[in-house]
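Here's a protein model to walk through together.

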Amino acid sequence: MLIAANWKMSKGPGETRDFCAAFRPPDGVEAVLCPPYVSLATAVESAHTVFAQNVHWAAEGAYTGEISAPMLQELGVAGAIVGHSERRQYFGETDETVARRTAAALEHGLRVIACVGESLEERESGQMQLVLGVQVEALADAAGPHERLVIAYEPVWAIGTGKTATPEQAHEAHAFIKKLLDVPVLYGGSVKPENAVELLSQGEVDGALVGGASLEVESFTAICQTAASL
Ligand code: PEP
């Protein structure tokens, strides 16, 4: 199983150093840390597996504020999250830009966690499969079932809200995604030590993308231990 810590805009280099020094991932699980850009080098030095939180499609050029795959590789970063719902919601990310970022990162040898997920409105109006279908097809067209591609199913209504999908909802969405694109699928959305067993023990759930509960060494370690025990 893969358990990834998305720190979002938290933890500068100092806090990253402290976390990395204290964090001991258990055997039997792959733990990935995704700090903000300014803390990537510090996290890489710690010898943990490190992903960025985004990556641009061009190798270099006039794209102020962006970071390229070759730059991440030079730093020793192993992969990147792309298409997180916060990027889609606040920064204009579209299925097309997510697909371009994904394809470029994979071409340059990085691993990718590509995020998909429906909003509450979309779920309640019966459009979950339609939305997921469009998001996943964009990735399938751009990358296919690439060996370094992982999808994170993150229902937008469950991110940072304390609400989680039920294990059945997660199972159903993961199975639907895998029919369209046969890659591992992580669940994301308020995963905590208290709910990790029920979510991670579902068939079709290949790990988790964890936001809030990844900020403390104790809670992130507890989720990793749960994954290792399954
Ligand atoms: C996320 O941001 O990817 C996430 C799943 O956040 P949280 O665990 O806080 O819901």
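A quick word on the ground rules. This is a predicted model, so local features need pLDDT of at least 70 and side-chain atom pairs count only at pLDDT 80 or more, while totals for chains, interfaces and linings use all residues. Residues are numbered from 1 along each chain as its sequence is written, and side-chain values use heavy atoms, with hydrogens and water left out.

Let's begin with the ligand. Which residues are closest to it? Of the 14 residues that surround the ligand, the closest are Lys8, Glu154, Gly160, Ser190 and Gly212; a residue is counted here if one of its heavy atoms lies within 4 Å of the molecule. Lys8 brings a polar side-chain atom to 2.6 Å from an oxygen atom of the ligand. The protein buries 95% of the 300 Å² that the ligand exposes when taken alone. Areas like this one come from the Shrake-Rupley method with a 1.4 Å probe, and for residues only the protein chains shown count as cover.

Next, find helix H1, residues 13-22. Helices (H or I, at least four residues) and strands (E, at least two) are DSSP runs, numbered from the N terminus. Thr16, Phe19 and Cys20 of H1 are buried, where buried means under 20% relative accessible area, exposed means over 50%, and partly exposed is in between (1.4 Å probe, protein chains only). Looking down the axis of H1, you'll see the buried residues fall within an arc of 95 degrees, so they line one face of the helix. That arc is taken from the directions from the helix axis to the C-beta atoms. Asp18 and Ala21 are exposed, on the face of H1 turned away from the buried side.

Now for two histidines in loops. His56 sits in the loop between strand E3 (49-52) and helix H3 (69-75), and with a relative accessible area of 4% it is buried. Its side chain reaches the backbone nitrogen of Ala58 at 3.0 Å. That is a polar contact, meaning a pair of N or O atoms within 3.5 Å; within protein, one must be able to donate a hydrogen and the other to accept it, and residues adjacent in sequence count only if both atoms are side-chain atoms. His84, in the loop between strand E4 (79-82) and helix H4 (85-90), counts as buried at 5% relative accessibility. A polar atom of the His84 side chain lies 3.0 Å from the backbone nitrogen of Glu86.

A couple of loop residues have backbone angles worth checking. Ala47, in the loop between helix H2 (40-45) and E3, has a phi near 75 degrees, a positive value in a residue other than glycine. Ala47 is exposed, at 68% relative accessible area. Glu204 has a positive phi too, near 80 degrees, and lies in the loop between H9 and strand E8 (207-210).

On to charges. Side chains of opposite charge can pair when their charged atoms come close. How many salt bridges does a search of the whole structure find? The search finds 9, each being a side-chain nitrogen of Lys or Arg within 4 Å of a carboxyl oxygen of Asp or Glu. One joins Glu30 and Arg111, with the closest N and O atoms 2.8 Å apart. Glu30 is in strand E2 (residues 30-34) and Arg111 in strand E5 (residues 111-116), so the pair ties together parts that are 81 residues apart in sequence. Lys11 and Glu15 also meet in a salt bridge (3.9 Å, N to O); Lys11 counts as buried at 11% relative accessibility, whereas Glu15 is partly exposed at 48%. Asp95 pairs with Arg88, their closest N and O atoms being 2.7 Å apart. Finally, salt bridges that share partners join Glu66, Glu93 and Arg101 into one network.

Last stop is the surface. Met1, Val197 and Leu230 make a nonpolar patch of about 260 Å². Patches are made of residues with over 30% relative accessible area and no salt bridge; like charges are joined within 9 Å, and nonpolar side chains (Val, Leu, Ile, Met, Phe, Trp, Tyr) within 5 Å. Val197 belongs to helix H9 (residues 196-200) and is partly exposed, with a relative accessible area of 47%.
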